[in-house]
Amino acid sequence: MPPARHALLAAGLTTAATVATLGLAPGAAVAAPTSAPTISVDWFGTAEPHAHTATVRGRFECGAERGLAYIEVHLSQRARRTSVTGFGFGVIGACTDDRTAGTWTATIPADQGRFRPGLATTIARLVVEPNSITETTERVRLRPRCARP
């Protein structure tokens, strides 16, 4: 028997032994795993150099968590020979049985300097009170904000 078949046979026997040990018969009820909250950041955001701000957006999912929820966003960008950083919030309200996912938006004022079009790094945290924090670090490309007529 080729070596690949040995590994496949061993994996199949291990799975069968695990099912037998757990006493799972076909059609037996299995508890659904609890899902953890998730957060993501869109690839593109906007920079408003004259206002010294940047705006980023993304999506969130509450998973099994319920409670007051909000987004914390740290944004940093290497601009010319210096770094520009800022911190902001995205208000999403609450994670409830009726609202388990959605979108968020945060406008981040620069601490010093100005955010400019180009690459930036976003650290976004989804906080679901009282005890859940989920974080992601993602690159975002800031585009110039187009003036509306």
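How many residues lie between strand 4 and strand 5 in their hairpin, and which residue in the turn has a positive phi?

**View 1. The whole chain is a predicted model with 1 helix and 8 strands.** Helices (H or I, at least four residues) and strands (E, at least two) are DSSP runs, numbered from the N terminus. Along the sequence they follow the pattern α-β-β-β-β-β-β-β-β. Because this is a predicted model, local features need pLDDT of at least 70 and side-chain atom pairs count only at pLDDT 80 or more, while totals for chains, interfaces and linings use all residues. Residues are numbered from 1 along each chain as its sequence is written, and side-chain values use heavy atoms, with hydrogens and water left out. Here pLDDT is the predictor's confidence in each residue, from 0 to 100; its mean for the protein is 80, and 75% of the residues reach 70 or more. Be careful with residues 1–33, where pLDDT stays under 50. For that stretch the model has 3 contacts (heavy atoms within 4.5 Å) beyond four places in sequence.

View 2. Buried means under 20% relative accessible area, exposed over 50%, and partly exposed in between (1.4 Å probe, protein chains only). In soluble globular proteins, nonpolar side chains tend to be buried together.

**View 3. Strand 4 pairs with strand 5 and with strand 7.** Two strands pair if DSSP finds at least two bridges between them. Strand 4 and strand 5 run antiparallel and are joined by 13 bridges; Leu 75 has Gly 86 as its bridge partner in strand 5. Now for the opening question: the hairpin of strand 4 and strand 5 has 2 residues between the strands, and Arg 80 in the turn has a positive phi of about 55°. Strand 7 also runs antiparallel to strand 4, with 8 bridges joining them. Glu 72 finds its bridge partner in Arg 125 of strand 7.

**View 4. A disulfide joins Cys 62 to Cys 95.** A disulfide is counted when a pair of cysteine sulfur atoms lies within 2.5 Å, and for Cys 62 and Cys 95 the S to S distance is 1.9 Å. The pair links distant parts of the chain, 33 residues apart: Cys 62 is in the loop between strand 3 and strand 4, and Cys 95 is in strand 5. The torsion about their S-S bond is about -70°, so the disulfide is left-handed. Cys 62 is buried, with a relative accessible area of 0%, and Cys 95 is buried too, at 2%.

**View 5. Ala 110 lies in the loop between strand 6 and strand 7.** Is this residue, Ala 110, buried or exposed? Ala 110 is buried because its relative accessible area is 15%. Leaving aside neighbours within four places in sequence, Ala 110 is in contact with His 52, Val 84, Thr 85 and Phe 115. Ala 110 and Ser 76 are 34 residues apart in sequence and 8.9 Å apart in space, C-alpha to C-alpha.
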